[in-house]
Amino acid sequence: MRNSKDPSRARARRLAARRTDHEKLALEARLVREGKIYPRAHYMPRGRFRGIIAVALALFLGIFVGLGALIGGGVFVASNVKLSEFAGIENWISSTYTDRTLLQFISEVASDLGDGVENLGQIAKYTPQVNVLLETLEENLQAVGIDFGSTVQERFLDTPFDKIGDFFINDVLGPTELGKVVNLDDDM
């Protein structure tokens with residue numbers, strides 16, 4: 001009975017496999033010399049450190065390319081798209097400014113308000129929301145009997161922010177009759 005683990009047989013198989021590989025390499029070398037095939041590129045094995053550096057570099061570059069694309073897209077939109085093209089913008093930006101691009105609008109607001117915002121009138125120039133809030137304030141104050149009409153609103157818009165408390169005490173609450181606020185009738 002033949003032993004498949006016979007060392008001489010295993011050695012013979014290894015030699016036959018080597019010869020086969022050797023013959024393959026010889027045939028390949030001959031074909032390269034004859035110019036029928038291109039020579040093989042022999043790659044050197046690389047360490048793990050190079051792979052880690054490659055992944056880190058790809059991640060780093062990917063983040064910066066993504067951020068650059070976002071910033072570039074934002075600048076493109078800000079400089080080329082008119083405010084009127086944004087949906088619902090007429091509720092937030094005054095109609096006199098909707099024909100401008102976002103970049104033009106921001107530069108105009110920055111030049112006008114560069115020293116700071118001193119009163120609501122400066123903000124009302126750019127947004128209709130100030131007037132909406134004033135109308136709501138007027139409705140709420142009239143519900144309790146306090147007059148906050150259009151003449152008072154105009155003065156309120158020109159009042160500096162640090163004087164708003166004094167304005168309400170002196171100009172809004174001062175002339176108000178106490179009987180109107182607490183709903184006292186003349187019949188009582």
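This is a predicted model: local features need pLDDT of at least 70, side-chain atom pairs count only at pLDDT 80 or more; totals for chains, interfaces and linings use all residues.
Buried residues make up 17% of the 188 residues in this protein.

First, the overall makeup. The protein has eight helices and zero strands. Read from the N terminus, the order of elements is α-α-α-α-α-α-α-α. As for contacts between residues at least 6 apart in sequence, 42% of them join residues at least 24 apart.

Start with α6, residues 150–158, and α7, residues 164–173. Their axes are 10 Å apart, and the packing angle is about 160°. Angles over 145 degrees count as roughly antiparallel, and α6 and α7 are therefore roughly antiparallel to each other. The crossing in which α6 passes α7 is right-handed. On the α6 side, the contact is made by Val152, Arg155 and Phe156. On the α7 side, Ile164, Phe167, Phe168, Asp171 and Val172 take part. By class, the contact of α6 with α7 has six nonpolar residues, no polar ones and two charged ones.

Helix α5 covers residues 129–143, and it packs with α6 at an angle of about 130°, the axes being 12 Å apart. That angle makes the pair oblique, so α5 and α6 are described as oblique to each other. Their crossing is right-handed. From α5, the residues in the contact are Val130, Leu134 and Glu138. From α6, they are Gln153, Phe156 and Leu157. Sorted by class, the contact of α5 with α6 comes to four nonpolar, one polar and one charged. Note Phe156: it is part of the α6 contact with α7, and it is also part of the α6 contact with α5.

Now α7 by itself. Which of its residues are buried? They are Ile164, Phe167 and Val172. These residues cover an arc of only 65° around the axis, and therefore sit on the same side of α7. What do the buried residues of α7 pack against? They pack against α5 and α6. On the face of α7 turned away from the buried side, the exposed residues are Ile169 and Asn170.

That leaves the loop between α2, residues 48–80, and α3, residues 102–112.

Is Ser94 buried or exposed? Its relative accessibility is 17%, so Ser94 counts as buried; the cut-off for buried is under 20%. Setting aside neighbours within four places in sequence, Ser94 is in contact with Lys125, Tyr126, Thr127 and Pro128.

The other is Thr101, found in the loop between α2 and α3 as well. Thr101 has 7% relative accessibility and therefore counts as buried.

Note on methods:
Residues are numbered from 1 along each chain as its sequence is written. Side-chain values use heavy atoms; hydrogens and water are left out. Axes are lines fitted to C-alpha atoms, for helices over the stretch in contact, and angles run from 0 to 180 degrees between N-to-C directions. Helices (H or I, at least four residues) and strands (E, at least two) are DSSP runs, numbered from the N terminus. Angles under 35 degrees count as roughly parallel, over 145 as roughly antiparallel, 65 to 115 as roughly perpendicular and the rest as oblique. A crossing is left-handed if the near helix is turned anticlockwise from the far one by less than a right angle, and right-handed if clockwise. Contact means heavy atoms within 4.5 Å. Ala, Val, Leu, Ile, Met, Phe, Trp, Tyr, Cys and Pro count as nonpolar, Asp, Glu, Lys and Arg as charged, and the others, Gly among them, as polar. Buried means under 20% relative accessible area, exposed over 50%, partly exposed in between (1.4 Å probe, protein chains only). The arc is that of the directions from the helix axis to the C-beta atoms.
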